There are 2 protein chains.
Amino acid sequence: MAAHLVKFDAVAQPVTVPTGTLLSEAARLAGIELGQPCGGQGRCGRCTVQVTSGAVRRRSTLRLSDEDIANGFALACQSVVEGDIAVTIPPQEKIERRLTTDRTVADVEVPVGYDPSLHQSIRRVVLRMEPPDLDDQTDDWSRVQTALRQQAGLTQVSISLSLLRRISDLLRQGDWQVTAIIELIGNPFGQILQERLVGIIPRIVFDDEPLWGIAVDIGTTTVTLWLVDLATGEVKAQTAEYNGQIARGEDVISRIIYSSQPGGLEEMQSRVVGTINSLIELACKRVNAVPQEIFKACIAGNSTMIHLLLGIPAQHIRLAPFVTTINDIPSITAAEIGLVIHPGAIIDCLPGVASYVGADISAGVYSTGMDDTDKITLFLDVGTNGETVLGSREWLVTCACSAGPAFEGAGVVHGMRATRGAIEEVWIASPNSQRPYEPTYRVIGGVKPHGICGSGLISLLAEMFITGVVDKAGNIDLTLQSQNNRIRTGEHGAEYVVAWGSESEQGNDIVITNVDIDNLKRAKAAIYAGFTVLAEGVGVPLELVEQLLIGGSFGKYINVEKAIQIGLLPDIPWERFQFLGNTSIRGAYYGLLQQAARDKIRDIASRMTYIELSADNSFYEAFTSALFLPHTNLESFPTVAAALEKQPLPLLSGESTCT
Amino acid sequence: MAAHLVKFDAVAQPVTVPTGTLLSEAARLAGIELGQPCGGQGRCGRCTVQVTSGAVRRRSTLRLSDEDIANGFALACQSVVEGDIAVTIPPQEKIERRLTTDRTVADVEVPVGYDPSLHQSIRRVVLRMEPPDLDDQTDDWSRVQTALRQQAGLTQVSISLSLLRRISDLLRQGDWQVTAIIELIGNPFGQILQERLVGIIPRIVFDDEPLWGIAVDIGTTTVTLWLVDLATGEVKAQTAEYNGQIARGEDVISRIIYSSQPGGLEEMQSRVVGTINSLIELACKRVNAVPQEIFKACIAGNSTMIHLLLGIPAQHIRLAPFVTTINDIPSITAAEIGLVIHPGAIIDCLPGVASYVGADISAGVYSTGMDDTDKITLFLDVGTNGETVLGSREWLVTCACSAGPAFEGAGVVHGMRATRGAIEEVWIASPNSQRPYEPTYRVIGGVKPHGICGSGLISLLAEMFITGVVDKAGNIDLTLQSQNNRIRTGEHGAEYVVAWGSESEQGNDIVITNVDIDNLKRAKAAIYAGFTVLAEGVGVPLELVEQLLIGGSFGKYINVEKAIQIGLLPDIPWERFQFLGNTSIRGAYYGLLQQAARDKIRDIASRMTYIELSADNSFYEAFTSALFLPHTNLESFPTVAAALEKQPLPLLSGESTCT
């Protein structure tokens, strides 16, 4: 058998291997440890390398495009050496981006052409005034009004009582050289309808100093906050935390019930404000900003969250005929709801559509651009509520269902938010591999794992299903033989150990239980039922959907293949999927920057036709059918059926196994 | 000596008296008790009768006009019978109106032509809505907006957060048949700039039900409140009470100082709001109204009072260069300052001019109409602050001085507000009468006296001065012999007993002390100095003043003659004086009814030229000169000089004395 030289770019000396050696084995001989989470079965694509000279024989090209193959990419665990070759090992994150089923959330980019002097309703105006004297006893506010007129051309600026209470001190503190923060409220035609004095900074602020605003998404489970420099549009800090209301119920229904008791509404209001305030503090600390100098907030959230934030009773949202008190909220000030930013800061709560399709969805639709395309688009917002929007530039229909918080890592024993220490992807080795049922995982931040986030749970459940750890009903198979009793009966019944205590940050085993799987199943079934009922309702078969956009508070990555395998997403070609992350916060961010975006979101909210699923029996039927993995009707999931049938390729004689 | 028949209308039988009998004696013989407070000296005019047939000889016609004499009016104590006569005794209050030096405050009349549908910015709109159902899940606020548009043509109505918090309950309480209270905010040209939803009454309110509003005048010493039915314009209840801030200082300066300490501003704010709230409760109780159904307030007051009401720091009002934070206050809501009326009720604080000339004066000027006449007018507002406005349609100048609260009955040992039980006028018998130095008084409500109000104090001090009980320096002459030791040394030094304990409500002596007189002197000197300095400053001699209007929280009556005698008012012909009572509350009342009045008051405030007396030495000189009774320069007070010289006429032989 011939021997061949294999030269890896990262290592000076080539290694010599016989014909038929797996590239992954050659790498190991060269001292290079390639990640092979799926146990060398060619499923995960993580061991992709680039052959820059010579040729290999690819036993499988799963996950590789024709272009990739032309460029020499190969799966190291599925390719054998048949001559002298040179190999480049791409950085891991480069590989991840290549994998067509993995979509990463784009970084936040300032909208092209953002010009605060045109788009931003918050303006900074430096005022240089003469102090009063006995010959000029003009009152303070008239003096400011004159300066605004003469120095900024603003003639109709209004002031709040709370600012009036502080303005005389601020003017004197600044020795009559101050910076006024003004909010201009216009109509969509560019006319200024109102000019409001938001605050006075008792010094001259220069143009290159940041002008702070916040975008907030209040999810039922997760509250996300971005701290933005309105002067440049840049996101300077991103923070997220579980909604403090979780302690009083996991979904909107239980929150509404709790808030309907005496004192409940006030408690709910103060809990969510408390969460936002702690996020503000955290974000400000990171960039050394002062909360009191945040002058604007743009807030998205579902209708219940917005009602509770504002202290508006929400009980009619829960009871037929399911109506909100208000969908399009007038601007309010921070002081009115107790946010710890500048008390006069204007809070714009974005407009929602109906009781169960709130501002998070209208903002989300705006951020996806689906309202402005000819392509038939299905937009799924995967959160505690699963909302679906179907349509295009011409029409938009929407519905919602209650999924529960499992995909946000809540209601799952070792669930957590998609933050540092969260397992965000899992691979489980095949039953017939050398390490049957052994998992490999990727942790956000590359640290010891602390728990499992939403994308990790999807990935984990899919792997458990494909490898047979759970059956199609979602039951863990306790009869399986696994190393170290990884599949076992725990406190909450059957469970699978994802990470041993010795590997985890907190020192205890990280597991997923049958109860967790039930919650995940219910969540994915609700979402799947929602969009299928909607699509059927309007007579658009899912195959006709040209793009399927997925929003939600997952991590940066989601594995579409795995989401299909558990039956969360429909089994249509992967390239039609796009994972967008938190579309609601993104919409709030655009709304924070541009009044035109707020107007557009209002327009979108008014255009969407809301379908009430609570009044629809077909939803319950669809939900029940979707409680299986991936679905009662496996025919709707041909690629999953194929994956289940597919056995790992038998080893050829002379080939080494990758371990 | 001939005998004559005297027939009184009130008595069936005529009496027979000899020639030369005083009419008052004839009345006594007929069994009629005529009031003769001045002891029959012809000074008070209270014994005026009308001789309807026959003739009398008038020894004095003081206080009687030529027309009065032609109509047979005569002073009973100064007229002798010289033939058969018939006499009518007018009702006492008819006499009071005849006495040209006594001016009574006109009753409140609804402005001519008041039409709420044209003038009132608060409107009631009945809304009849279909309840939501599964085919119409419109949110509550959109449903209300649609009804407002379709049923009232209102397209731009805004709503506050606090009302949003209650609207869903109110709509359901009223079973979707409710009454909306709307405030229309327009410009002086009749354009509607803003439409605000103030409140929702959860039932259909009919047009003939009252629509409540309040007018409030916040004086440094006295807070006055009128409860008004905006649907008709009628004042339904009038209440007044001392400002609860008095406990923290008698004048604006001490209030400002107190409010500048930590917590002081909040305390001052809550004290005055407490006073207003108790007045609201009282007024509502009287007419069986519900405070929560008061939907508008219009408030006047001096600049310090308005700042403290709103919780705006007032310290810069006190310190040179004496500037306010704001003169023209934007509309606020009741909830923002804690008024117990409807929380969304709009509060319009009327605009002021400067630190020491506030909204009470601009409102007062409007209510006098001096801004709209060709006559040169001097307007004095006699309160804790003495403000003066001089001018006409063409020009208006104004100044202010600190008078102290004596004329409102505060800072005086037995002072009280002009309310039931207050002595409002006093007459003291001459030294050479049968009851030397004995007083007679009139009590508001005709009950036992409880104290002395401002007009009573003016009257009392003038009588004491004219009868020699006090000298021109204001010192009580303890050497005088009076009945029952009425002039005596008391706990606080020299004092004069106005009413014995046996006569008074509370059973103790009602007195005036030398200290009280000092306070009254200082108050009148400040006011006199204020208007003389102002008149001199603009070069208008007081003689040229065509009308002199006096406002202030006195009682219903003021005796101009006596006010001149103490040197509070200038010695110009009585007919030029007009006593207007509380002009500030009247201005607030007009402002409450008509937006046009608010616009006019704003215009007046902007037109007035303010003269700062604190920066004017001539004020202090004028003040010092005015500390005497009536003034250092007696030549400026010719009628007072004459009164002092005038001795009661000696009795003619054969005449009887009136006792």
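**Close-ups of a predicted two-chain model**

**View 1. A:Arg486 sits in a loop of chain A, between helix H13 (454-466) and strand S25 (487-490).** Helices (H or I, at least four residues) and strands (E, at least two) are DSSP runs, numbered from the N terminus. This is a predicted model, with pLDDT of at least 70 needed for local features and 80 or more for side-chain atom pairs, while totals for chains, interfaces and linings use all residues; side-chain values use heavy atoms, leaving out hydrogens and water. Residues are numbered from 1 along each chain as its sequence is written, and chains are lettered from A and ligands numbered from 1 in the order in which they are written. Is A:Arg486 buried or exposed? With 3% relative accessibility, A:Arg486 counts as buried (under 20% relative accessible area; exposed is over 50%, partly exposed in between, using a 1.4 Å probe and protein chains only). Setting aside neighbours within four places in sequence, A:Arg486 is in contact with A:Tyr437, A:Glu438 and A:Pro439, and also with the run A:Glu495, A:Tyr496, A:Val497, A:Val498, A:Ala499 and A:Trp500. Contact here means heavy atoms within 4.5 Å.

**View 2. B:Glu635 lies in a loop of chain B, between helix H18 (617-625) and helix H19 (638-645).** B:Glu635 is exposed, at a relative accessible area of 74%. Which C-alpha atom is separated by 9.8 Å from that of B:Glu635? That one belongs to B:Asp571, 64 residues apart from B:Glu635 along the chain.

**View 3. Chain A has 19 helices and 31 strands.** Its C-alpha trace spans about 105 × 60 × 50 Å along the principal axes. Buried residues account for 59% of the 659 in chain A. Take the contacts in chain A between residues at least 6 apart in sequence: 67% of them join residues at least 24 apart. As for charge, chain A carries 52 positive and 75 negative side chains, with the centres of the two sets 3 Å apart. Lys and Arg count as positive and Asp and Glu as negative, with His and the chain ends not counted; each charge is placed at NZ of Lys, CZ of Arg, CG of Asp or CD of Glu.

**View 4. Chain B can be laid on chain A with an RMSD of 0.1 Å, by a turn of 180° and a shift of 0.1 Å along the axis.** The two copies are thus related as by a two-fold rotation axis. The superposition is by least squares on C-alpha atoms of residues with pLDDT of at least 70 in both copies. Now for the interface: 100% of the interface residues of chain B are also interface residues in chain A, so the copies meet through the same surface.
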